[in-house]
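Good morning. Please have a look at the sequence and the structure, and then I will go through a few points.

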Amino acid sequence: MNLIVFALLALLAITAVAIAQLRELWAVIMFTGIYSFLSASWMIILDAPDVAFTEAAVGAGISTVLMLSTMALTGKAEDIPRKSSVVPLFVVIVTGATLVYGTLDMPHFGSPDAPVQVYPDPSFVERSEADMHGLPNVVTALLASYRGYDTLGETTVVLTAGIAVLLILRKNEDEQDDTAPLARNKSS
Amino acid sequence: MTGFPIIRIITKLLIPYILLFAFYVQFHGDYGPGGGFQAGVIFASGLILYGLVFGLHAIKKVAPPIVIEKCMALGVLIYAGTGVLTMALGGKFLDYSVLEHDVLPHWHVPSGQHLGIFLVELGVGITVTAVMTMIFYAFAGRKQV
Amino acid sequence: MTLESVAGLYNYWVVIFLMMTGFYIVLARKNLIKSVIGLNIFQTSVFLLYITMGKVEGGTAPIVPPAIAAAQAHAAHGSDAGHAATPHVEGAHEVAHAALQHGGELASTTTEIIYSNPLPSVLMLTAIVVGIATTALALALVVRIREDYGTVDEERILELDRGE
């Protein structure tokens, strides 16, 4: 098991570095898909099948398609690195070192008495057993019932982002051309 | 697009299973891993795959933009409508326990929390499917300038 | 720095490495699409950070085996005062009792099941879908910038802005 985890993590790191180093956008987008798949595999090992599911479908599927279609619209412009990459590297190393220093106080991986595991005291798994009348998937129960307001908000954000994309990108369609002069006449 | 017979045939074989799997994930989400967000994304990727292989024209016949556009809002409406319904039945907003009923108990008609989760997930699924498909239309319909 | 703390913390370090790679891409690359990809990598590493925190040693995915869940549901129904008014309450009690025994047997055969924390999963689940929607928005803006400026290179865009 550990061997699989280490191999996965090494592959994740290598893929991320490859994405940073490659200049051809086509290859970068393909590597982004691979990166998503690898992180989905790791999420499966970390007991989050629901998230892994979504990450595989979103990251490797839809996100890749969107990036490729953006590339088709903007041309395969070569990605030229900045003249000096020393300053960004310095900033990144300093920030990373600070974050690693911060982890030294963190509860160890998988420890059952970490604050995350302890805080809601009858945990949601225990609470859902009585509340949900036998719905096995606690993630779904938590998503739709305990955190129902939150999910309503998230759904609205998705809707809003979709509307914004449509407002930005959709102009030269047939139906739009018919209604545009009409609206102009009304306003004048 | 008339070439690539292998891609076309494999796509035609795969799409029913992708859509069926999306429905499974949607409606079985309370029992196994899954739910509205995942199902919406999987369903949309089935549609997008069809669009990629057979062209924007073909996919717009299957899922007309005018319908998908309405579905974007319909999903959120179902979600919020469930909340309003629970309020009308005397509970709090999105408090599904007032949805408890006794209709056909042996047919396993969802009730109470289960019914609420079912409706809400349905709304999420519809919105996510519609938004992802609409975003694909917006990008694919754009011409390079 | 003991070996134990390395074994307990290496996940976080890998996540930080991925995060910083994404950050580096955003800082060091001029191409706008590449910047969006860098932000995506950063975002995915945040998902991984949360999911890593939710894992419990020896735990399993937070999905209660259906038999046990059904048994608990019956037990809850049986003790519910609201359902006691129904005429076939005796039958319900028997069913509940049988189911409880059944569930008890299952539980005793599988010993105590430890579940990983479902809360980070829920938070990240919605964040992924919102993330793709906002990524799409960013890419749409990139497309519009390319149409107006004729380039997706940050420095060129700034030059064009200054030159006019």
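First, a term: the bend at a residue is the angle between two axes, one fitted to the seven residues ending there and one to the seven starting there. Helices are DSSP runs of H or I with at least four residues, numbered from the N terminus.

Now the ground rules. This is a predicted model, where local features need pLDDT of at least 70 and side-chain atom pairs count only at pLDDT 80 or more, while totals for chains, interfaces and linings use all residues. Residues are numbered from 1 along each chain as written, chains are lettered from A in the order written, and side-chain values use heavy atoms, without hydrogens or water.

Take helix H3 of chain A, residues 49-74. At Ser63(A) this helix bends by about 30 degrees. Just after H3(A) comes Gly75(A), with a positive phi of about 85 degrees.

Next, the largest nonpolar core, which has 110 residues. Such a core is a set of buried Ala, Val, Leu, Ile, Met, Phe, Trp, Tyr and Cys residues joined through side-chain atoms within 4.5 Å. Those touching the most other members include Trp42(A), Val165(A) and Phe139(B). Which helix gives the most to this core? Helix H5 of chain B, with 14 residues.

Last, chain C. It has 6 helices and 0 strands, and 48% of its 164 residues are buried.

Methods. Buried means under 20% relative accessible area, exposed over 50%, partly exposed in between (1.4 Å probe, protein chains only). Helices (H or I, at least four residues) and strands (E, at least two) are DSSP runs, numbered from the N terminus. The expected span of a helix is 1.5 Å times one less than its number of residues.
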